[in-house]
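Reader: Could you walk me through a few local features of this model, with the cut-offs spelled out as we go?

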Amino acid sequence: MIIGVSLSTITSVNAYNYNKNAFENTDELKIIYNQIAKKEKSINACSLNSQAVYKCGYPTTKGRILVTGDAYKNLIPTGHAAIVYSQNRVVEALSNGVVTGKNDWNKSKNTCWGLYVTEDQAKNVADWCYSQRGKPYNIKYYDVNTRSKFYCSRLIWAGFKDKYNVDLNTSQYGAAVHPIEFVSSDKTMILYKK
């Protein structure tokens with residue numbers, strides 16, 4: 001269980017959430033996923049499984065959002081989020097502030113989702129997050145207005161909200177932006193799940 005959200009709840013999230021009513025059949029979804037898949041260097045195509053969830057290879061394209069439900073240091077059940085900056089690096093906010101880290105969540109995490117928002121916007125948000133490096137960690141999770149310090153999911157949320165007025169938050173945790181909310185947001189699409 002991740003702060004009131006069970007992993008079984010997350011696994012039942014629709015594969016394509018961004019505009020649920022825009023696509024009436026899986027053929028349209030296949031086209032969209034395969035267009036995205038061609039841009040991912042680690043995969044050639046995406047496949048549809050029996051639950052109508054597309055599985056793509058691990059995301060390495062700039063701007064993809066990574067989310068894990070793993071407990072921080074195996075103690076605190078908060079999950080974590082980062083944004084892909086390059087094939088080998090992510091931008092994330094850790095206890096020592098906004099830093100870059102290894103893009104190896106497919107190996108280093110027990111659970112992992114790779115999310116797609118929009119191509120051009122996501123790349124610009126990754127650059128914005130990268131420009132926040134060195135800022136301290138924000139332990140005030142409900143303080144979403146400050147831009148002088150960040151926690152992991154609020155860093156990514158602020159980038160999309162400030163640059164494009166795209167709100168990836170849900171009402172599940174009030175004003176706080178929880179990493180798992182990105183997985184269930186109607187503005188993201190699940191590309192990868194471990």
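Author: Happy to! Let's start with a definition: the expected span of a helix is 1.5 Å times one less than its number of residues. Helices (H or I, at least four residues) and strands (E, at least two) are DSSP runs, numbered from the N terminus. This is a predicted model, where local features need pLDDT of at least 70, side-chain atom pairs count only at pLDDT 80 or more, and totals for chains, interfaces and linings use all residues. Residues are numbered from 1 along each chain as its sequence is written, and side-chain values use heavy atoms, leaving out hydrogens and water.

Reader: How far apart are the end C-alpha atoms of helix α5?

Author: Helix α5 covers residues 152-164, which is 13 residues. At 1.5 Å a residue, the span should be 18 Å. The model agrees with that, since the end C-alpha atoms are apart by 19 Å.

Reader: Is His-80 buried or exposed?

Author: Buried means under 20% relative accessible area, exposed over 50%, and partly exposed in between (1.4 Å probe, protein chains only). His-80, in strand β4, has a relative accessible area of 11%, so this residue is buried.

Reader: Which side chain makes a polar contact with the side chain of His-80?

Author: A polar contact is a pair of N or O atoms within 3.5 Å; within protein, one must be able to donate a hydrogen and the other to accept it, and residues adjacent in sequence count only if both atoms are side-chain atoms. For His-80 the distance is 2.7 Å, and the partner is Glu-92.

Reader: Which residue in β7 is the bridge partner of Ile-65?

Author: Two strands pair if DSSP finds at least two bridges between them. β3 and β7 pair in the antiparallel sense over 3 bridges. Within β7, the partner of Ile-65 is Leu-115.
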